[in-house]
Amino acid sequence: MAQATSPPETRPEDEAQAPRYSSDAAGLGKARAGAFAAPALLLIAVFLVFPALWVLYLGLTNYRLTGTAAAEPQFVGLDNLLDAVSNPTFWSSTWLTVQFVLGSAVIGQVGLGFAIAWLLRDRRGPLKRVVEGLVILAWILPSAIVSFLWVALLDRDGGTLNALLGLPGFAWLLDHPMLSIIVFNTWRGTAFSMMLYGAALGNVPPSHLESARLAGASGWQQLRDVVFPHIRGHILTNLLLISLWTFNDFSPFLLTAGGPDGKSEVLAVHVYKVALQSGELGYGAAVSTIILLINLVVAVFYLRLLRSKK
Amino acid sequence: MTRFVLGRIGFYTLIAVLLAFFTVPLLWLVTAPFTSDPTYEVRVPDFTWDNFAALLEHPYALPSLWNSVVLSAGTAVLVVIFAALAAYALSRVRLPGRDALLYALLLLSSIITGTAAMVPLFQLAVELNLIDSQFGLILILTGGLLPAAIFMLKDFMDSTPKSYEESARVFGASPLQIVRDVVVPLVRPGLATIAVWAVANVWGNFLMPYLLLSDVEKQPAAVITYTLYTEGGQANLSMLSTFGLLYSIPVVLMYLFVSKKYGFRFHGGIKR
């Protein structure tokens, strides 16, 4: 039976890594568990882990898109990394990325997503469906189209926002590029947090909320003492995913192209600019390595919080 | 009583603000395609079909939508099957360092699918002869989406009761039969969510197809969108808005279908 259920990609190495314990409900066993996971792990290894390691290597070379260094890249060690940390553009990009993540992910998406889920928690019917549908629409529309919609919305002369606010000629993307991309990304990504919290709030036992209400707890007290402890795991996992996704999000480029004067050049855009527009692939890879390290720190921070005080 | 009324007023005010925030940016997409000579301004359309007629004559616009269908459907199928199998195995069999592995892969995937890995992925595709191959692109996109998909699905799997599987096993079902007949029906909303998530991701993905497909006849709609707005240096707004609408409708229909049939939500949510 094990033969029949094994996909052809299964190799002996995969089975060697399979779990030691075989006492599980479905009687999966270690060989079959390995076989089940093998196709996914194989694709991940080839198209994810390998390129990631390759980025680490490229970061140590002077590889360029054109010129002599394109044909025969030289090993330059940590030079690229040292160049990056002494480059003020890199630091301003890092700071802008922190603002982008805190503003659009932690405050924007998580805050707004939770607020919508909380407002609609006891609702059924068309109002809930319409609100949720619109929020999800903003999330599933293609980014090429969505970014264009926002260019139209924020346009200086004919833009809808200026027409609504009565501010003709106000150039949002030039005068407030960071605010623009933060609000844009909040609009774009709130759906994920909203759905996650919607599901999480459904798990809070109504009897606990009921007893808190009978004891005279205010709305905020109910949130703090009953709801948050229950969905703490959800909040942290959501924060982790959203922070990482936002950190590496390239779509600000579609709105402001990093400008004006690099005022909205978050790290993902910075890498694109140095690697592909300036052709410094080695240096770009070194910056990617630093991004990887920062993400690692962020992830470890959340995981620590998740582990503590379970 | 006053408190109740104020609460109601506050609630509906908030909802109205939310609706406005999420609707206003979309207005242009539903008005401009039906307006002759659209600008960035949202106007009451004069209901012309000329923009659609012009789009039909574009040689690559409509075929690119089909390419997007092929890429997203192919990727979603692979992601759902492989992620379901892997998430099930990881959920049911205790593997030392399993959680650390999952988090490590998740971390990698969020970085590597962005701009950082463009160069190595391009070089890899050249080596494996996957340039200009839609199947190759599907494999690459699948690899990028799998960690997050496994991560989300494992949570669904963890929260399903194991007693059904035990009884199925008593009746002699094989593990693959158990997955197909017991586990899949239980986590169907999760699979639907992952499928929609994968389709929406690939449907909107610009960078990877732009990088790996140079043949304009194989390029998906995301790439073709950008050829519409660089022609002559200026954005062709009538083409762009019309194409944008056609390009958006399939994902909207898919969402409506899935949310009606399976319910589009995280059951129990993602805890860890």
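Okay, let's start with chain B: from the N terminus on, its elements run α-α-α-α-α-α-α-α-α-α-α-α-α. That makes 13 helices and zero strands. Chain A has 16 helices and zero strands. By helix I mean a DSSP run of H or I with at least four residues, and by strand a run of E with at least two, numbered from the N terminus.

Some housekeeping. This is a predicted model, so local features need pLDDT of at least 70 and side-chain atom pairs count only at pLDDT 80 or more, while totals for chains, interfaces and linings use all residues. Residues are numbered from 1 along each chain as its sequence is written, and chains are lettered from A and ligands numbered from 1 in the order in which they are written.

Now the overall dimensions. Along its principal axes, the C-alpha trace of chain A spans about 75 × 70 × 35 Å. For chain B, the C-alpha atoms fill a box of roughly 70 × 70 × 35 Å, again along the principal axes. Of the 310 residues of chain A, 45% count as buried, and of the 272 residues of chain B, 47% do. Buried here means 20 or more other C-beta atoms within 10 Å of the residue's own; exposed means 12 or fewer, partly exposed is in between, and the C-beta atoms are placed from the backbone.

What about contacts along the chain? Two residues are in contact if their C-beta atoms, placed from the backbone, lie within 7 Å. Take the contacts between residues at least 6 apart in sequence: in chain A, 67% of them join residues at least 24 apart, and in chain B the figure is 74%.

Next, the UniProt record. An unreviewed entry puts "domain: ABC transmembrane type-1" at residues 95-302 of chain A. Over that span the chain is 78% helix and 0% strand, with the end C-alpha atoms 20 Å apart. The record also lists "transmembrane region" (unreviewed entry) in chain A, including residues 36-57 and 131-153. Residues 36-57 of chain A are 100% helix and 0% strand, with end C-alpha atoms 32 Å apart. Residues 131-153 of chain A are 91% helix and 0% strand, and there the ends are 20 Å apart. In chain B, the spans UniProt lists as "transmembrane region" (unreviewed entry) include residues 9-30 and 65-88. The 65-88 span of chain B is 100% helix and 0% strand, with end C-alpha atoms 34 Å apart.

So where do the chains meet? 80 residues of chain A are in contact with 84 residues of chain B. On the chain A side, the largest share, 20 residues, comes from helix 3 of chain A. By class, that side has 62 nonpolar, 14 polar and four charged residues. For the classes, Ala, Val, Leu, Ile, Met, Phe, Trp, Tyr, Cys and Pro count as nonpolar, Asp, Glu, Lys and Arg as charged, and the others, Gly among them, as polar.

Look at helix 6 (residues 118-127) of chain B, where B:M118, B:V119, B:P120, B:L121 and B:A125 are buried. What covers them includes helix 3, helix 15 and helix 16 of chain A, together with helix 7 and helix 11 of chain B. Just after helix 6 of chain B, B:N129 takes a positive phi of about 60 degrees.

Last topic: helix packing inside chain A. Axes are lines fitted to C-alpha atoms, for helices over the stretch in contact, and angles run from 0 to 180 degrees between N-to-C directions. Under 35 degrees counts as roughly parallel, over 145 as roughly antiparallel, 65 to 115 as roughly perpendicular, and the rest as oblique.

The axes of helix 3 (residues 29-58) and helix 16 (residues 281-307) of chain A come within 7 Å and cross at roughly 120 degrees. Helix 3 and helix 16 of chain A are therefore oblique to each other. Their contact residues divide into five nonpolar, three polar and no charged.

Compare helix 13 and helix 16 of chain A, which pack at about 175 degrees with their axes 9 Å apart. Helix 13 and helix 16 of chain A are therefore roughly antiparallel. Residues in this contact include A:G233 and A:F247 of helix 13 and A:N295 and A:Y302 of helix 16 of chain A. By class, the contact has 10 nonpolar, three polar and no charged residues.

Note on methods:
UniProt positions renumbered as here; feature names shortened; annotations may be inferred.
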